[in-house]
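User: Could you take a close look at one part of this model for me? I'd like a connected account of that part and of what lies around it, with the cut-offs spelled out.

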Amino acid sequence: MMRNARRYAGLIAKLARIRLSKAARKDCEYRRAIFESFREWGGVYIKFLQILGGSSKFLDGWGGPREMEIFAQAPREALNLAEHVQIEKFAKISSEPVAAGSFALVYRGQLITGEDVAVKILRPSIQKNLKTDLKSLRKLCWLFSKFLPKYLVDYNDAYDAYAKMLIQETDYRREIENQKYFTELYSDHPRIVIPKVYEELSSENVIVQDFIEGPALADVMSAATRDKSAAKIAKELTGSDIWEQVILAGGEALYTAMCADYVYGDPHPGNIILLSDNRIGFIDFGIIARRPTSHEAYYNWVKSYYEILCGEDKFQTLLETTVTCFCPDISLAMQKCNFDGENLLEVLASSITRKLNNEMIGNTNYAQSFRDGHLMDVFIQVVGTRVIDIDIDTVNFELLKAMQAFLGAVTILDNREGGHSFSEIMRRSMEYALENANLTGVPRDAVKATHYGLTESYELLVNTISSLADNDEYLFNLVREKIFA
């Protein structure tokens, strides 16, 4: 307890000094201080950093590929192997971990039957200090939210996501079942490798699985320098094209969200193994995301995004499919409010599109962001406020979190490497997913019912108009023209 108190006091003192300093970019210094302290503390704090570091916003202005080390190697701790594994089943096993994750230590071994295996053991410190560290972390998140604006990092939201993930990641029996699902899903895939689990040697705190030989994407990213790119390092180590491997990882995440029951939920750079022949391996199945509320709506959202990346003028369609996909209940309620052939969702989407077109005239930042494929970032900048109090349902929130770490890593990798563009990576990932979804067939499972009655739908309309009048006069006038014409 005293050690924790000293830790927290030290971090608070750092943040206070930054606040009182004359630093030009205090927000960057706050995030750097949090990162460095949490990395040193290890354990649950490293895992929390992985959530924050998965967003390029958290590293913006100070961090880069080297900070990807948090996804690959965490501090080690002492552990007596004989207390955790059936030693007699192994011909040999390393005395020290070959990898150290935030929650687990990984040893390399060989079974007496000859198979090369990885032995993943839940850290004893996680089991011992879990409840205390979580309570302390919640208090720290409340403090951080006072130092940094929400639009950069919402620490309270990050904590809520983290606490839920933590429960999942310490349940190894559940993780084994997850891994078996993906082993079956990818059993015939020529470029995706999932390690086999040896259930008879595993337990509630141990998973024994095939060892996948190859560097993690995080290792390659953190090893990159000005003189030697991540692409060159990956080529030397595996003979593969790192961009083809990144596109494959992204494409599979999108495809499974369109057609499968579950989506790989933790595709951060430490869990993507780069292999020969442009193949990749996925490891760590403690977190998976359920399928979206509607596969069909998710497919339509990706398709509208893809069409814009291909040069089509369909931003309004993207906005409509975004709400329909991630907030189906509110989308249906909006569609009940009709005005001269247009419903409320269409009115809002067309008005926001008009504002975007106006804002982009002469604004090179917006135009460049749009060309680079950061379409939703542009949307957030243009609207400037929450048009309506939309809550994304739990299922779709899991999907967004599953994508966040991957997209953050791609952004950081692209910024550092040059020569490739985020929009091209996104376009090709989406193309891969759409082509495979069309071959497989997308379930026709659009959401058709909402808990909003007609009265509640028009209350939603009134709240929307009121919010616009208070926060965005330009957008309010555009909407008013359509509704009260």
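**A strand and its surroundings**

Let's start with β3 (104-111) and β4 (116-122), which run antiparallel and are joined by 7 bridges. Two strands count as paired if DSSP finds at least two bridges between them. Helices (H or I, at least four residues) and strands (E, at least two) are DSSP runs, numbered from the N terminus.

A word on the ground rules: this is a predicted model, in which local features need pLDDT of at least 70 and side-chain atom pairs count only at pLDDT 80 or more, while totals for chains, interfaces and linings use all residues. Residues are numbered from 1 along each chain as its sequence is written, and side-chain values use heavy atoms, with hydrogens and water left out.

Back to the hairpin. Leu 105 has Ile 121 of β4 as its bridge partner. The hairpin of β3 and β4 has 4 residues between the strands, and there Gly 114 takes a positive phi near 105°.

β4 also runs antiparallel to β6 (206-210), and 5 bridges join β4 to β6. Along this pairing, Val 117 stands opposite Asp 210, and Lys 120 is set across from Ile 207.

How enclosed are these strands? Buried here means under 20% relative accessible area, exposed means over 50%, and partly exposed lies in between (1.4 Å probe, protein chains only). In β4, 6 of the 7 residues are buried, so this strand is largely enclosed by the rest of the structure. β6 is also largely enclosed, because 4 of its 5 residues are buried. For the background, 53% of the 485 residues of the protein chain count as buried.

Rolling a probe the size of a water molecule over the atoms shows where empty space is left. On a 1 Å grid over the protein atoms alone, a cavity is a set of points where a 1.4 Å probe fits but cannot get out, and a pocket is an open set with protein on both sides within 12 Å along at least five of seven lines; lining residues have an atom within 4 Å of a point. Grid points are joined across faces, edges and corners, and a volume is the space filled by probe spheres set on the points.

The second largest pocket holds about 700 Å³ of space. It is lined by 34 residues, and those closest to its centre are Ala 99, Val 106, Gly 270, Ile 273 and Ile 283. At least two lining residues come from each of α3 (44-53), β2 (99-100), β3, β4 and β6. β3 supplies the largest share, 3 residues. By type, the lining divides into 17 nonpolar, 9 polar and 8 charged residues. For this count, Ala, Val, Leu, Ile, Met, Phe, Trp, Tyr, Cys and Pro are nonpolar, Asp, Glu, Lys and Arg are charged, and the others, Gly among them, are polar.

What follows β6? Gly 214 lies in the loop between β6 and α8 (217-223). With a relative accessibility of 33%, Gly 214 counts as partly exposed. Leaving aside neighbours within four places in sequence, Gly 214 is in contact (heavy atoms within 4.5 Å) with Ile 273, Leu 274 and Leu 275. Gly 214 also lies 9.1 Å from Ile 280, C-alpha to C-alpha, although 66 residues separate the two in sequence.

β5 and β9 (residues 280-282) pair in the parallel sense over 2 bridges, and Val 193 has Gly 281 of β9 as its bridge partner.

α10 (242-259) and β7 (262-264) each supply at least two of the lining residues, and α10 gives the most, with 4. The lining of the largest cavity divides into 8 nonpolar, 1 polar and 1 charged residue.
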